[in-house]
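Thanks for coming. Please look at the structure on the screen first, and then I will walk you through it.

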There are 4 protein chains.
Amino acid sequence: MKNPEHIAAFIETRQQSIALCEPLLVEDYCLQGAAFASPPKWHLAHTTWFFETFILIPFASHYTPQNPAFSVLFNSYYNGIGAQHPRDQRGLLSRPTLDEVLAYRERVDQALLQLIKDADATSQETIEERLVLGVEHERQHQELFFTDIKYSLNANPLYPAYSSVHPEPAAQGAPASWLKYPGGLVEIGHQGQGFNFDNELPRHQSYLQPYELCSRLVTNAEYQEFVDAGGYQNAELWLADGWSTLQTEKWRAPLYWLERDGQALEYSLYGLKQRLPENPVCHVSGYEAEAYARWIGARLPTEQEWETAAQGQPATRGLDDAHYHPRPAPADAGINQLYGDCWQWTRSAYTPYPGYQASAGAIGEYNGKFMSNQWVLRGSSCVTKDSQARSSYRNFFYPQDRWQFSGIRLAR
Amino acid sequence: MKNPEHIAAFIETRQQSIALCEPLLVEDYCLQGAAFASPPKWHLAHTTWFFETFILIPFASHYTPQNPAFSVLFNSYYNGIGAQHPRDQRGLLSRPTLDEVLAYRERVDQALLQLIKDADATSQETIEERLVLGVEHERQHQELFFTDIKYSLNANPLYPAYSSVHPEPAAQGAPASWLKYPGGLVEIGHQGQGFNFDNELPRHQSYLQPYELCSRLVTNAEYQEFVDAGGYQNAELWLADGWSTLQTEKWRAPLYWLERDGQALEYSLYGLKQRLPENPVCHVSGYEAEAYARWIGARLPTEQEWETAAQGQPATRGLDDAHYHPRPAPADAGINQLYGDCWQWTRSAYTPYPGYQASAGAIGEYNGKFMSNQWVLRGSSCVTKDSQARSSYRNFFYPQDRWQFSGIRLAR
Amino acid sequence: MKNPEHIAAFIETRQQSIALCEPLLVEDYCLQGAAFASPPKWHLAHTTWFFETFILIPFASHYTPQNPAFSVLFNSYYNGIGAQHPRDQRGLLSRPTLDEVLAYRERVDQALLQLIKDADATSQETIEERLVLGVEHERQHQELFFTDIKYSLNANPLYPAYSSVHPEPAAQGAPASWLKYPGGLVEIGHQGQGFNFDNELPRHQSYLQPYELCSRLVTNAEYQEFVDAGGYQNAELWLADGWSTLQTEKWRAPLYWLERDGQALEYSLYGLKQRLPENPVCHVSGYEAEAYARWIGARLPTEQEWETAAQGQPATRGLDDAHYHPRPAPADAGINQLYGDCWQWTRSAYTPYPGYQASAGAIGEYNGKFMSNQWVLRGSSCVTKDSQARSSYRNFFYPQDRWQFSGIRLAR
Amino acid sequence: MKNPEHIAAFIETRQQSIALCEPLLVEDYCLQGAAFASPPKWHLAHTTWFFETFILIPFASHYTPQNPAFSVLFNSYYNGIGAQHPRDQRGLLSRPTLDEVLAYRERVDQALLQLIKDADATSQETIEERLVLGVEHERQHQELFFTDIKYSLNANPLYPAYSSVHPEPAAQGAPASWLKYPGGLVEIGHQGQGFNFDNELPRHQSYLQPYELCSRLVTNAEYQEFVDAGGYQNAELWLADGWSTLQTEKWRAPLYWLERDGQALEYSLYGLKQRLPENPVCHVSGYEAEAYARWIGARLPTEQEWETAAQGQPATRGLDDAHYHPRPAPADAGINQLYGDCWQWTRSAYTPYPGYQASAGAIGEYNGKFMSNQWVLRGSSCVTKDSQARSSYRNFFYPQDRWQFSGIRLAR
């Protein structure tokens with residue numbers, strides 16, 4: 001392996017996935033609160049299947065798959081690999097049991113570490129590339145683990161907490177200001193040696209008008225004003241599809257907001273808690289973000305605007321802090337909360353960059369085939385590893401999705 | 001308590017519910033394969049809630065409910081008691097955990113036994129009535145436990161077995177014959193001292209034409225001929241609603257039948273097994289039963305015909321045998337397989353007997369409110385306790401339901 | 001033809017179908033307000049198809065069908081004949097045009113009258129049987145014409161009237177009384193020479209408890225009390241499936257009831273009109289009828305009870321009066337409103353009589369295949385021809401259906 | 001009125017809408033084959049409502065609306081105006097009749113022409129602006145008239161023709177070639193004095209890579225190869241949402257393609273006809289266009305690429321030719337079929353241009369609120385007026401939509 005740090009990252013990531021699940025009880029590992037919210041056990045198995053499918057099976061000649069059925073059960077959406085267990089039935093897989101899945105992880109890890117030692121030179125490069133991709137993939141699933149279990153636990157009227165230790169937020173929030181950016185001909189897309197997904201390429205030029213970004217994210221208190229002003233009752237503020245969704249889903253506030261006995265609460269990974277006014281509003285859909293921006297007389301940034309402003313800014317405040325909830329903005333000068341609190345909806349549809357080529361084979365299904373109907377989110381959240389956050393990273397979800405840690409950065 | 005055997009039955013039934021679950025792993029207790037197939041843990045909690053709600057809360061003045069939320073979580077359908085957790089989301093209740101539910105059971109049992117000792121004379125009669133009803137209710141849920149976990153485990157492509165011990169069937173099947181019954185003015189409905197549900201009353205006269213019943217249930221081999229003859233492709237054999245369901249659900253054979261590599265298999269509580277030709281066909285809907293009967297030139301019996309033929313016949317072959325699958329008919333003279341193999345669809349809609357009165361209060365919701373759109377099934381199955389089976393017992397399901405152990409008795 | 005009156009009835013019925021449509025505009029002939037509410041033009045064509053399919057094609061050797069496509073377009077549900085145009089798309093058939101359909105009617109009528117003259121002796125009997133059936137069939141569709149166009153016109157916020165001439169009701173309503181019937185062994189089913197459908201046979205004995213029927217139908221004023229008392233908010237009054245339907249469909253009153261500016265209105269074939277308190281409540285589902293009966297401390301009759309009481313009673317007040325809305329009960333002694341105002345929901349599920357045999361061939365699909373999930377209604381309505389009404393007639397609809405002229409007769 | 005040509009255009013357009021309907025029969029005017037395919041009569045009334053609502057009601061002080069109910073019945077989606085009749089029930093409005101709608105048109109036209117004479121100077125400018133917008137709006141609905149009635153007539157198995165006169169296509173098709181464009185910093189968006197919609201503004205700079213466009217549209221013969229090669233069975237060619245739609249909708253070919261007795265047919269406004277190999281493939285969704293491009297090793301253009309190539313090219317071959325079907329490409333040098341055959345799917349999501357501002361008030365709902373989940377189509381079709389076609393025009397539909405005249409222009 002050219003870069004031995006990749007092996008260390010592999011080992012650490014594989015261990016961390018299990019460690020993150022530790023506050024759960026066995027009963028929680030199969031929970032699937034919606035088709036899109038996969039059970040913890042499924043995440044543990046699927047990330048393992050990824051290494052088995054894309055590295056062990058093609059390169060480890062003596063490796064026999066743990067169980068032929070796993071090829072279907074833990075295939076998420078790779079048509080190039082074969083059939084997939086229906087996504088909305090992942091919660092019905094009481095078997096393999098948790099212990100069996102942990103044994104599956106162990107067996108694949110051992111085989112993989114052995115392969116890394118044994119592989120011939122011609123295979124080494126691809127193995128290393130896929131190892132890195134598999135680690136990044138598993139880190140994405142660590143974030144999904146949090147968003148999914150939050151959604152699934154919230155389906156229980158007892159509002160169980162993922163963690164009972166709720167650290168107090170240090171900061172008290174900060175006033176917002178508008179930061180000016182000149183626009184012009186800019187460069188967009190990944191560059192340099194670090195890891196990137198294929199959808200961040202090719203790096204290319206783009207022309208921007210001058211623009212301004214808000215120095216921090218929209219807060220709960222600010223969003224509350226929108227709610228109180230009848231924002232959810234006024235069709236003129238909404239995109240047509242957003243208004244239609246609002247009515248079908250009976251949206252009246254962000255996901256996880258709850259009023260009880262006159263108290264403003266929200267469900268968090270720490271259970272049902274007071275809703276802090278100075279915290280960034282979180283778990284809003286793209287439609288809600290867009291409607292809020294229109295109401296306040298601003299707009300959402302494009303992904304090019306966001307990336308240009310973020311180039312060179314450090315990623316902090318993420319999963320490594322082990323604070324599983326967004327926190328108030330610091331009072332630092334310049335642009336804040338780019339990373340580590342909430343993903344930020346952009347007004348950009350998720351489409352291919354000019355000259356984009358998906359990777360060959362089934363791995364090419366990772367990103368490219370989702371390039372319709374989704375919106376780009378930029379930044380990272382409190383449950384993203386900082387090492388994974390970068391200015392060129394393109395996250396994407398449907399504009400109606402709310403279960404990610406998604407918030408609002410204003411532009412104008 | 002007038003009849004101390006009721007206390008013994010209570011204790012035995014409460015213990016048996018837990019014992020029946022023992023082959024399961026913790027992961028299995030939350031499985032809900034469909035809205036109608038409740039998780040084992042929910043059955044354990046709901047039956048406990050029944051005793052708590054209908055006996056402890058009204059009669060045990062010092063009793064405090066285990067958890068106010070349980071009143072909603074474990075209420076099945078009693079509008080008179082209050083709101084209900086959505087039926088299709090019972091599988092999302094990872095909490096309370098299995099241990100907590102077992103502790104809930106223990107606490108309610110102790111409080112109930114104490115109440116029986118302490119209750120004043122005026123309450124004793126109602127408490128005893130409800131204790132008996134609660135025991136019968138729990139036995140019904142023991143049967144549902146089997147049908148539901150079978151359905152839910154079958155949703156897993158690994159086809160896990162409830163029990164790995166598969167006793168070989170002793171009998172080799174028996175030829176069928178037609179038994180004649182004279183009809184005339186008969187008496188229908190429960191009589192005597194034993195327990196009965198309100199829907200078995202009042203006992204009343206009914207007039208029947210002379211009729212014949214088949215001496216045993218339709219076998220897999222016989223039903224296979226119907227399948228092979230294109231029974232599932234011929235609209236003229238089906239009730240209109242049945243044909244419509246067949247097309248929507250893509251029915252091509254009974255639930256749990258599977259052809260694999262040219263082998264005739266079926267999923268059972270023992271896993272995926274050979275389908276024995278001489279076994280009674282099981283897990284057919286009322287529509288399939290009715291279409292088969294039409295195809296073979298017969299019909300389904302009415303519930304009055306079935307009950308008249310069954311009066312005085314003993315109930316055997318049920319859950320006490322611990323054989324969780326129907327078995328071939330014995331070669332005994334007379335009518336066979338009335339009990340202990342498969343419930344038998346009748347052609348009777350589930351409607352009230354003349355003069356029927358539902359019990360007062362929320363307990364009256366037990367049976368009466370379901371008297372539309374469902375069909376009556378008679379007899380009992382391999383997972384019914386023999387002591388619960390009787391000739392006047394009216395089971396009822398929608399004609400499209402297939403997940404019960406339901407088979408076919410022909411009439412003409 | 002043995003009975004030349006059958007020819008006269010054929011000619012008169014064929015003409016009447018067209019006459020009944022006369023108040024409509026061309027635009028109205030394609031209206032289909034719901035899958036179950038067929039357009040007038042479709043009724044005109046389908047009844048013609050019936051004669052063409054079941055008489056001309058099998059018996060008139062030189063007859064060529066008007067258009068091979070009509071075999072599919074105007075087949076309602078006869079699988080034995082072949083495929084059917086989707087029921088919910090009948091309103092999309094702008095072609096054949098109204099004129100073409102009228103020409104189709106004329107051509108089939110002429111061919112049929114010629115066939116009657118020409119047919120050989122061996123065919124005559126079947127032709128006559130089917131002619132009579134076709135006439136009865138068309139009269140049923142004349143009634144459906146009214147219920148369907150009422151439903152479809154009501155979908156228009158302009159509330160167009162079928163007829164602008166609204167005759168004033170003569171009577172002022174009458175008090176209700178209970179009439180006693182002894183029950184015992186009764187005879188049920190059609191007898192005598194008149195026409196009957198196969199589902200009215202065989203005539204058979206049935207045993208009834210003594211019972212009482214109300215002398216007239218439940219009025220709007222009486223039903224209003226149920227509404228005002230919160231009947232639509234009280235789950236305990238309803239069958240479980242009825243309560244579920246009520247919630248899904250947001251029922252708060254009978255179909256066509258409307259409150260506007262404090263006025264009690266209802267949509268009728270005369271447009272939006274005052275709702276007369278003394279008129280019988282109409283357009284209620286079986287669930288509403290059943291819930292009302294429970295609320296008032298009564299019940300719905302069984303079909304056997306109704307038929308026994310109706311035997312020998314004359315049918316009047318029907319379509320021949322050309323009053324397309326129910327009227328207040330007359331103050332006559334004895335049982336009133338059996339016929340000519342509203343069909344009366346019974347508590348009987350629509351199941352086969354003992355020994356029932358459907359007719360052979362596709363004609364056998366007329367009644368038998370609908371014998372599940374539906375309830376029997378007895379009597380007739382203001383848009384039924386009196387000559388078609390009889391005590392043994394079994395009408396049937398789903399308990400959730402409300403678009404027929406269906407009302408409530410109480411029993412106890 | 002500053003520009004009297006606007007009055008002439010108004011009069012001509014209003015007359016043409018009626019003239020285009022002339023081949024229809026009265027029965028056809030209410031046809032609504034799907035929620036998205038409005039009936040001809042509704043188009044005639046809605047375009048009238050537009051003038052009444054946005055000009056007469058605010059500016060003509062003595063004008064009384066034809067019928068207050070029309071405000072709801074013929075409001076398409078303007079929440080700022082008020083409630084809307086449900087879109088999927090437009091086909092149920094047999095009233096107002098066709099004659100009444102024509103009278104409504106006449107009355108509004110007269111009032112409008114009178115207002116133009118009478119209006120004071122301060123109102124004139126807005127009235128003229130809205131008159132022009134109303135004319136453009138009605139021309140859009142003339143195109144929708146064709147696409148909608150084609151869809152609705154196709155729902156009839158008789159495949160009625162809109163027009164029985166089918167002019168033979170003159171050209172025989174032409175070979176395709178790749179045309180090179182340099183890209184760089186280009187200007188996008190409307191400029192000049194002609195009419196434009198708000199979504200074409202503001203004109204702005206955009207940076208493009210060098211690119212190539214195909215000289216003509218993809219033909220039926222070329223697309224047939226994709227079908228024959230299993231394009232509809234190969235998930236790897238499709239966007240994930242496209243593949244999902246393909247499976248749900250059972251797509252196997254473009255809308256209106258039909259194989260019958262070994263013949264390649266397609267439904268057209270001339271009825272069911274031979275499918276010409278050299279005609280451009282039409283009525284494909286964006287997903288199909290995108291999958292075809294991937295399969296052939298190309299891609300769809302962005303809207304910026306298309307617009308840059310089209311700047312300065314004349315619009316021809318449209319509705320004025322009265323040829324209601326796409327035709328083979330001419331063999332002219334340079335880029336062909338930009339206009340007048342099929343709209344061309346781009347790979348661009350429909351999002352706001354930098355600095356976009358929707359018009360104020362309810363008119364601002366015209367375009368802006370649809371800027372999510374839709375794709376941009378460019379060019380025009382055989383049923384677009386040439387005078388309406390221009391290089392900056394942004395048409396938009398959901399990527400799953402197929403009932404427009406939409407085809408494929410390749411890029412790379």
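In chain A, 50% of the 412 residues count as buried. Buried is taken here as 20 or more other C-beta atoms within 10 Å of a residue's own, exposed as 12 or fewer, and partly exposed as in between, with C-beta atoms placed from the backbone.

A word on what you are seeing. This is a predicted model, where local features need pLDDT of at least 70 and side-chain atom pairs count only at pLDDT 80 or more, while totals for chains, interfaces and linings use all residues. Residues are numbered from 1 along each chain as its sequence is written, and chains are lettered from A and ligands numbered from 1 in the order in which they are written.

Now the overall form of chain A. Its C-alpha trace spans about 65 × 55 × 40 Å along the principal axes. The radius of gyration is 22 Å, which agrees with the value near 22 Å for a compact globule of 412 residues. That radius is taken over C-alpha atoms, and the globule rule is 2.2 Å times the number of residues to the power 0.38.

Next, secondary structure. Chain A has nine helices and eleven strands. These are DSSP runs, numbered from the N terminus: helices are H or I with at least four residues, strands are E with at least two.

On to contacts. Two residues are in contact if their C-beta atoms, placed from the backbone, lie within 7 Å. In chain A, take the contacts with a separation of 6 or more: 80% of them join residues 24 or more positions apart.

How is chain A divided? It has domain 1 (5-154) and domain 2 (178-407); the bounds come from an automatic or database domain assignment. The C-alpha centres of the two domains of chain A lie 27 Å apart. In the contact, 17 residues of domain 1 of chain A meet 16 residues of domain 2 of chain A. On the domain 1 side, helix α5 (residues 121-154) of chain A gives the largest share, nine residues. By class, that side has nine nonpolar, four polar and four charged residues. Ala, Val, Leu, Ile, Met, Phe, Trp, Tyr, Cys and Pro count as nonpolar, Asp, Glu, Lys and Arg as charged, and the others, Gly among them, as polar.

Last, the neighbour. The contact between chain B and chain A takes 25 residues from chain B and 25 residues from chain A. The chain B side divides into 14 nonpolar, eight polar and three charged.
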